[in-house]
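Have a look at the model below, and keep it open while you read.

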Amino acid sequence: MGVLGIIGGSGFSALPDTELVQRQWLDTPYGAPSADLLTLRHAGREFLFLPRHGEGHSIPPHAINYRANIHALSDAGATDVVALGAVGGIADDCGPLRLCIPDQLIDYTWGRLGTYYDGADGEVVHVDITAPFTSALRARLLAAGAGIGLSLRDGGTYGVTQGPRLETAAEIRRMERDGCDLVGMTAMPEASLARERGLHYALLAFVVNWAAGKGDGGEVGMDEIRANLAGCGDAVRSLLLALLAEA
Ligand code: HPA
């Protein structure tokens with residue numbers, strides 16, 4: 001594998017059991033990334049780490065500078081990006097604490113700066129994202145999970161909503177009819193920007209609540225989300241460390 005970049009999501013603004021090699025502030029032509037880019041080392045292997053919401057988790061999903069983040073990772077040499085994402089579960093087998101490696105997404109976001117090909121330089125480019133997640137990188141995550149006995153859902157459709165509010169029950173029913181298994185707020189435009197930059201990109205989604213109207217149908221509580229974020233922590237970290245320890 002080339003150089004791995006990890007984009008930390010909610011609950012993962014740092015990665016313990018790793019050694020800090022370098023911290024760098026990378027300004028980009030698209031503005032400031034969410035935080036300093038860290039070079040970390042684990043099992044003799046260096047990789048890059050960028051917390052999507054900032055080090056203090058202060059940047060909401062709709063306000064993230066996705067273009068700057070992907071540009072910074074690419075500029076620093078990343079070839080493969082594994083993004084972490086807390087999600088709500090829609091499919092029956094996607095209850096809280098489930099870990100999933102989605103293979104499709106539907107973009108419900110609006111107004112985000114989502115391309116490097118904005119026409120400013122007179123170039124019109126349409127990237128192909130038939131398969132928005134890189135299958136080889138997905139396979140490596142699945143194999144790393146299997147290697148440590150972790151149960152991972154192979155595949156599923158991640159619906160990306162604008163946030164920061166959660167969804168109504170009717171919105172989730174519509175998303176379910178559309179074929180969504182999971183709902184989150186950050187995989188787009190991250191995935192398509194990564195594709196525009198030629199980076200391999202895969203998502204490790206961890207379910208922190210039943211989506212609105214699912215489960216027992218009650219309100220989605222922040223306490224529940226916080227508890228499940230903490231509950232997913234060990235499994236997510238173990239999987240990342242197993243991926244890094246691979247040859
Ligand atoms: N909806 C959207 N994004 C989310 C959710 C949700 O229920 N849970 C965690 N991220």
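This is a predicted model: local features need pLDDT of at least 70, side-chain atom pairs count only at pLDDT 80 or more; totals for chains, interfaces and linings use all residues.

Let's begin with the ligand. The residues around the ligand are Ala 86, Val 87, Gly 88, Leu 166, Glu 167, Val 183, Gly 184, Met 185, Val 208 and Asn 209. Among them, Ala 86, Gly 88 and Asn 209 each place an N or O atom by a nitrogen atom of the ligand, as the table shows.

| Residue | Part of the residue | Distance to a ligand nitrogen atom |
|---|---|---|
| Ala 86 | backbone N or O | 3.3 Å |
| Gly 88 | backbone N or O | 3.3 Å |
| Asn 209 | side-chain N or O | 2.6 Å |

Of the 260 Å² that the ligand exposes when taken alone, the protein buries 92%.

Next, the helices. Helix H2 (residues 135–147) packs against helix H5 (residues 222–245) at an angle of about 110 degrees, and their axes are 9 Å apart. H2 is therefore roughly perpendicular to H5. On the H2 side, Arg 140, Leu 141, Ala 144 and Gly 145 meet Leu 239, Ala 242 and Leu 243 of H5. Five residues of this contact are nonpolar, one is polar and one is charged.

Finally, the backbone. Most peptide bonds are trans, and most residues other than glycine have a negative phi. The bond from Gly 163 to Pro 164 is cis, with omega near -5 degrees; Pro 164 sits in the loop between strand E9 (157–160) and helix H3 (169–178). Met 188 and Pro 189 are also joined by a cis peptide bond, with omega about 10 degrees, and Pro 189 belongs to helix H4 (residues 187–196). Ala 43 has a positive phi, near 50 degrees, and lies in the loop between strands E3 (37–42) and E4 (45–51).

Methods: Residues are numbered from 1 along each chain as its sequence is written. Side-chain values use heavy atoms; hydrogens and water are left out. Axes are lines fitted to C-alpha atoms, for helices over the stretch in contact, and angles run from 0 to 180 degrees between N-to-C directions. Helices (H or I, at least four residues) and strands (E, at least two) are DSSP runs, numbered from the N terminus. Angles under 35 degrees count as roughly parallel, over 145 as roughly antiparallel, 65 to 115 as roughly perpendicular and the rest as oblique. Contact means heavy atoms within 4.5 Å. Ala, Val, Leu, Ile, Met, Phe, Trp, Tyr, Cys and Pro count as nonpolar, Asp, Glu, Lys and Arg as charged, and the others, Gly among them, as polar. A residue is near a molecule or strand if one of its heavy atoms lies within 4 Å of it. A polar contact is a pair of N or O atoms within 3.5 Å; within protein, one must be able to donate a hydrogen and the other to accept it, and residues adjacent in sequence count only if both atoms are side-chain atoms. Accessible areas come from the Shrake-Rupley method with a 1.4 Å probe; for residues, only the protein chains shown count as cover.
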